[in-house]
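This report concerns the aromatic rings of a protein chain and the way they pair. The structure is shown first.

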Amino acid sequence: MASGPKILAFAGSAWKDSFNKKLVKFAAQGARGVGAQVTELDFADLPLPLFDQDVEAEEGLPAGVIRLKELMREHDGFLIASPEYNSSISPMLKNAIDWASRSSGPDDTPMSAFKGKAAALMSASPGGLGGMRGLVTVRFILINIGVLVWPGQVAVRSAHDAFADDGSLKDAARHEAVERHGSELTGLLAKLKGESN
Ligand SMILES: Cc1cc2nc3c(=O)[nH]c(=O)nc-3n(C[C@H](O)[C@H](O)[C@H](O)COP(=O)(O)O)c2cc1C
């Protein structure tokens with residue numbers, strides 16, 4: 001029997017109480033529930049310097065970037081929860097995408113981390129729109145670099161009041177929608193891999 005799709009799940013935020021880190025965990029749970037193999041990546045464990053073309057030219061890609069690119073290449077798709085900063089993508093996520101879009105050497109094409117991948121997007125914010133404006137930018141960037149982005153998305157508003165003490169979403173229907181988001185990406189990836197009909 002073929003193994004399920006491999007999904008890399010991460011948030012565009014690293015602080016310990018990040019709402020988006022909490023959110024992506026539930027989408028990961030939903031994906032696992034329908035057979036995906038999910039790797040959860042915390043950018044706090046993979047610190048990336050700010051992109052600098054001099055650093056790249058003089059030292060090559062930093063170790064964290066090499067690891068990030070490896071992880072991305074090893075997986076079929078991405079579950080991404082991105083905070084909204086000033087109506088746009090978080091700098092942490094943009095920086096990671098920018099680094100990952102660079103070639104690590106003659107044997108690596110610049111977009112190897114994104115080629116043939118699909119992604120599903122979500123966001124959480126204390127604001128009333130749940131960070132959904134930022135997802136417009138995230139979607140735009142990913143599509144432009146060749147990632148197939150799932151049309152649906154989840155945006156959790158009033159995030160400071162949305163999570164229970166155990167980290168789950170207080171609203172059961174919303175919690176279910178986040179898990180379903182993970183399962184929908186899994187279904188798409190399975191179809192792309194020819195594992196489903
Ligand atoms: C520089 C900055 C800009 C922000 N801009 C927005 C914004 O445009 N819209 C919004 O809903 N929240 C905005 N926020 C609040 C974030 O949604 C909030 O910090 C949230 O906790 C970020 O998600 P995280 O907890 O996963 O890091 C901003 C926060 C910072 C630090």
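This is a predicted model: local features need pLDDT of at least 70, side-chain atom pairs count only at pLDDT 80 or more; totals for chains, interfaces and linings use all residues.

A pair of aromatic rings is described by the distance of the centres and the angle of the planes. A search of the whole structure finds five aromatic pairs. Two of them are set out in the table.

| Pair | Distance of centres | Angle of planes | Class |
|---|---|---|---|
| Phe19 and Phe163 | 6.1 Å | 5° | stacked |
| Phe51 and Trp99 | 4.7 Å | 70° | edge-to-face |

The planes of Phe19 and Phe163 stand at 5°, so this pair is stacked. It links distant parts of the chain, 144 residues apart: Phe19 belongs to helix α1 (residues 19-33), while Phe163 lies in the loop between β7 (148-156) and α6 (172-192). Both Phe19 and Phe163 are buried. A charged residue also takes part in the surroundings of Phe163: Lys22 lies over the face of that ring, at 5.2 Å from the ring centre.

The rings of Phe51 and Trp99 have their planes at 70°, and the pair is therefore edge-to-face. Phe51 has 27% relative accessibility and so counts as partly exposed, whereas Trp99, at 0%, counts as buried.

Ring pairs also join Phe10, Phe43 and Phe78 into a cluster.

Conventions: Residues are numbered from 1 along each chain as its sequence is written. Side-chain values use heavy atoms; hydrogens and water are left out. Rings of Phe, Tyr and Trp (its six-membered ring) pair if their centres lie within 6.5 Å; planes under 30 degrees apart count as stacked, over 60 as edge-to-face and the rest as tilted. Helices (H or I, at least four residues) and strands (E, at least two) are DSSP runs, numbered from the N terminus. Buried means under 20% relative accessible area, exposed over 50%, partly exposed in between (1.4 Å probe, protein chains only). A charge sits over a ring if NZ of Lys or CZ of Arg is within 6 Å of the ring centre and within 35 degrees of the ring normal.
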